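Let's take a walk through a protein model, one neighbourhood at a time. Keep the 3D view open and find each piece as it comes up.

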There are 2 protein chains.
Amino acid sequence: MALIVQKYGGTSVGTTERIKNVARRVARFHAQGHQLVVVVSAMAGETNRLIALAREIQAHPDPRELDVMVSTGEQVTIALLSMALMDLGLKARSYTGAQVRILTDSAFTKARILRIDEEKIRRDLEGGAVVVVAGFQGVDEEGNITTLGRGGSDTTAVALAAALKADECQIYTDVDGVYTTDPRIVPEARRLKCITFEEMLEMASLGSKVLQIRSVEFAGKYKVRLRVLSSFEEDGEGTLITFEEDEKMEQAIISGIAFNRDEAKITVLNVPDRPGIAYQILGPIADANIDVDMIVQNVGHDGMTDLSFTVHRNEYHKAMKILQEQVAPHIGAAGVTGDDKIAKVSVVGVGMRSHVGIASKMFRTLAEEGINIQMISTSEIKISVVVEDKYMELAVRALHKAFDLDQPRQVV
Amino acid sequence: MALIVQKYGGTSVGTTERIKNVARRVARFHAQGHQLVVVVSAMAGETNRLIALAREIQAHPDPRELDVMVSTGEQVTIALLSMALMDLGLKARSYTGAQVRILTDSAFTKARILRIDEEKIRRDLEGGAVVVVAGFQGVDEEGNITTLGRGGSDTTAVALAAALKADECQIYTDVDGVYTTDPRIVPEARRLKCITFEEMLEMASLGSKVLQIRSVEFAGKYKVRLRVLSSFEEDGEGTLITFEEDEKMEQAIISGIAFNRDEAKITVLNVPDRPGIAYQILGPIADANIDVDMIVQNVGHDGMTDLSFTVHRNEYHKAMKILQEQVAPHIGAAGVTGDDKIAKVSVVGVGMRSHVGIASKMFRTLAEEGINIQMISTSEIKISVVVEDKYMELAVRALHKAFDLDQPRQVV
């Protein structure tokens, strides 16, 4: 007998028929003797409907009141799923975030979980009931309703799994697991049976949007065994996200190819190569609340160097303006150039730590396809390059093949 | 400066445009220096939409879960109205029933209010904010969400007015007050400037469904000054529902003509005229959860009597069956007859206490129209008759005219 936390997203509970399907799946696990806590999102489309309604009243809805409103989406789903479970003869009980008491800070629309009172849930589980909890929401010290922001239901599930020391946290979604890359670009992309938390973080932040990144960080921090599965498949085993150190499992060199074309690159030319120069350039960017992703500075020559970095494409013009008007004249740079027609492509895998030659294989593969590399940045478990955006799909396909990701994963 | 509790029903907040109108009205009162607590219902149609959704899952939805679901209707409205008030530059703050802490018993879908914690509301009012409270809902000792049943938002408003010792409780609805009778039947029907609680109870229970009857009882018990107004009129003064004893005001003999055709009459013929016989007949009816309205038993003769009563038309067949199969043979009655083609018409007014001749005037009026009276029942402030249902409109019109209700009300 295990204690399992399951989470079903908006698409999985999008209609009453689908809610009944979720109930049947939960009932199968229950019949196997497991204790179940089920976290649900709002029915697909409901959150957007509520936000649109709020915007009919206020162009920028008051955050506290928006949370009061938007939290009703999950509240409806928990009641419907509990009813569906009872209709199958199970005992079930719903809880809103406030009722569980998922205590958060007071940052409306993007609150963070501080603590979970799990006694009521434990008591219900011991009484044989399935506990159904509203995802995405909590309550602050003052009793105000808060929400965790988009995708927060994953975080709710992981946090509950951590608080209850659950054996596994299963995230049901409309994909059946984590893939080596996006199957829409590479039809040969394969589902990974397992992936480490670190790899998952790199994959998620790079655009494979299967799980909300905060929930993955949370799971890693509290050592929650996390599994991504499809709610539309009967017997899939999904992808297990796990700790390299803890579990013996197949381990390949490269786990996947991530990519995005949401960024723009900016280069400040010929700046004096002296201490503090990076701060003088990037400080004003941070002050303007612009997130910077890759940063590359090469060794200088003749006391001068170039500094390049990438920002979100939406903030490209704002960043360029700051640099041209405030920064470049001040530090005596020769100029500022930029390009928003770029894409970032990364190979990700914990295996590369102990393997040489990954970078050279990546660069050779791109060269063979005639793709010029504009920027390079590396971490322990990934290598990212910036290329002209029209080459993105070609680069992803070539790398996917070069690293044999279309073949069953090889143990190192 | 007064403390005013206002309540707006589902039609008054049925669209975002109407919610903005409500906000403008609240803002006008606020600008006059009043403190305001605003109770709102779910947007028109929303509660029915939620119930229909629940029924797609469970034919008879679990009451606890139904309350979790249905209570979201008002939760959306409080957020929207608070936003609309802020958009007009006011301070505003919403509360669900649980957040106020409107403590109720645990009778899901028909809970009763036990206590209201009014400190938070007082603090907000003193801080200059308009407080917006979800009607129709509360929370039990265990923290479960409860609802007060249909129309419960009126009760929430009155209970809040009582707890806060408000100067007035204003119920905004889609009619502009209480009328002498239904204007759809008698075009000359007039709006009453005031009516006593007792009259209002008789009018409400007899079919003038302006206010939920429980809220009127509640207002009477806690001496809450209650006013019914139209949310679609700019400057109406509505109808004040007040205490005869407390306030000097115009007082006519008859305040209105009430009616309904929801009932059926049943007569048990020739029963032994001995103690306990009424209980033997009506006990099994009550045991079957059938509500009885009028009960008439005339003096007996030759040791025998007839007993007649009315029940809701929907329960007519059930009641007849019980009487024919269980009761009549047992007590030795000659038979059971019934008729579901009847209507009840009543004249209501506190003035009749001190006036003779009201009954005879009523009966003469009906006789002049050739309407036969089948049953008569009286109380301190009303006289009700049962007539064939096809005569109902004619009886209402004739009585309305006979008692000069189309003329401005005369002070006694």
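Start in chain B, where strand 10 (residues 194-196) and strand 12 pair in the parallel sense over three bridges. Bear in mind as you look that this is a predicted model. To find the pairing on screen, look for B:Cys194, whose bridge partner in strand 12 of chain B is B:Leu240. Strand 12 of chain B also has strand 11 (residues 226-230) as a partner: three bridges join the two, and they run antiparallel. Here B:Val228 stands opposite B:Thr239. If you're wondering what holds such partners together, strands of a sheet pair through backbone hydrogen bonds, either parallel or antiparallel.

What about the two faces of strand 12 (residues 239-242) of chain B: are they covered or open? Both are covered, with B:Thr239 and B:Ile241 buried on one side and B:Leu240 and B:Thr242 buried on the other.

**Strand 1 of chain B**

Now move to strand 1 (residues 3-8) of chain B, where six of six residues are buried. One side carries B:Leu3, B:Val5 and B:Lys7, while B:Ile4, B:Gln6 and B:Tyr8 sit on the other, and both faces are covered.

Strand 1 of chain B pairs in the parallel sense with strand 2 (residues 35-40) of chain B, over six bridges. In that pairing, B:Tyr8 has B:Val40 as its bridge partner. Follow the chain from strand 1 through helix 1 (residues 16-31) to strand 2 of chain B and you've traced a right-handed β-α-β unit. Strand 9 (residues 168-173) of chain B is another parallel partner of strand 1, this time over five bridges.

| Strands (chain B) | Direction | Bridges |
|---|---|---|
| Strand 10 and strand 12 | parallel | three |
| Strand 11 and strand 12 | antiparallel | three |
| Strand 1 and strand 2 | parallel | six |
| Strand 1 and strand 9 | parallel | five |
| Strand 13 and strand 18 | antiparallel | five |

**An open sheet**

Further along chain B, four strands form an open sheet in the order 13-18-20-19, with antiparallel pairing.

Strand 13 of chain B is joined to strand 18 (residues 342-348) by five bridges, and B:Asn260 stands opposite B:Lys344. Helix 12 (residues 358-368) of chain B lies across strand 18, strand 19 and strand 20 (382-388), running at about 20 degrees to strand 20.

In soluble globular proteins, nonpolar side chains tend to be buried together. The largest nonpolar core in this model has 43 residues, and those with the most contacts inside it include A:Val5, A:Ile121 and A:Cys169. Helix 7 (residues 152-163) of chain A gives the most to this core, with seven residues. A second, separate core has 42 residues, among them B:Ile102, B:Ala111, B:Val210 and B:Ala219.

**A listed binding site**

An unreviewed UniProt entry lists a "binding site" that includes A:Lys7, A:Tyr8, A:Asp174 and A:Val210. A:Val210 is in the loop between helix 8 (197-205) and helix 9 (213-221) of chain A. Setting aside residues up to four places away in sequence, A:Val210 touches A:Asp154, A:Val175, A:Gly177, A:Val178, A:Met200 and A:Val228.

For "domain: ACT", the unreviewed UniProt entry lists residues 266-341 and 347-412 of chain A. Over residues 266-341, chain A is 36% helix and 36% strand.

Look at helix 10 (277-287) of chain A. Its buried residues are A:Ile277, A:Ile281, A:Leu282, A:Gly283 and A:Ile285. The cover over these buried residues includes strand 14, strand 15, strand 16 and helix 11 of chain A.

Just after helix 10 of chain A comes A:Asn289, with a positive phi of about 65 degrees. Is A:Asn289 buried or exposed? A:Asn289 is exposed, because its relative accessible area is 67% and the cut-off for exposed is over 50%. B:Asn270 also has a positive phi, of about 50 degrees, but its place is in strand 14 (residues 263-272) of chain B. At 33% relative accessibility, B:Asn270 counts as partly exposed.

Note on methods:
Residues are numbered from 1 along each chain as its sequence is written. Chains are lettered from A and ligands numbered from 1 in the order in which they are written. This is a predicted model: local features need pLDDT of at least 70, side-chain atom pairs count only at pLDDT 80 or more; totals for chains, interfaces and linings use all residues. Side-chain values use heavy atoms; hydrogens and water are left out. Two strands pair if DSSP finds at least two bridges between them. Contact means heavy atoms within 4.5 Å. Axes are lines fitted to C-alpha atoms, for helices over the stretch in contact, and angles run from 0 to 180 degrees between N-to-C directions. Buried means under 20% relative accessible area, exposed over 50%, partly exposed in between (1.4 Å probe, protein chains only). A crossover is right-handed if, with the strands pointing away from the viewer, the path from the first strand over the helix to the second runs clockwise. A nonpolar core is a set of buried Ala, Val, Leu, Ile, Met, Phe, Trp, Tyr and Cys residues joined through side-chain atoms within 4.5 Å. UniProt positions are given in the numbering used here, feature names are shortened, and annotations may be inferred rather than shown by experiment.
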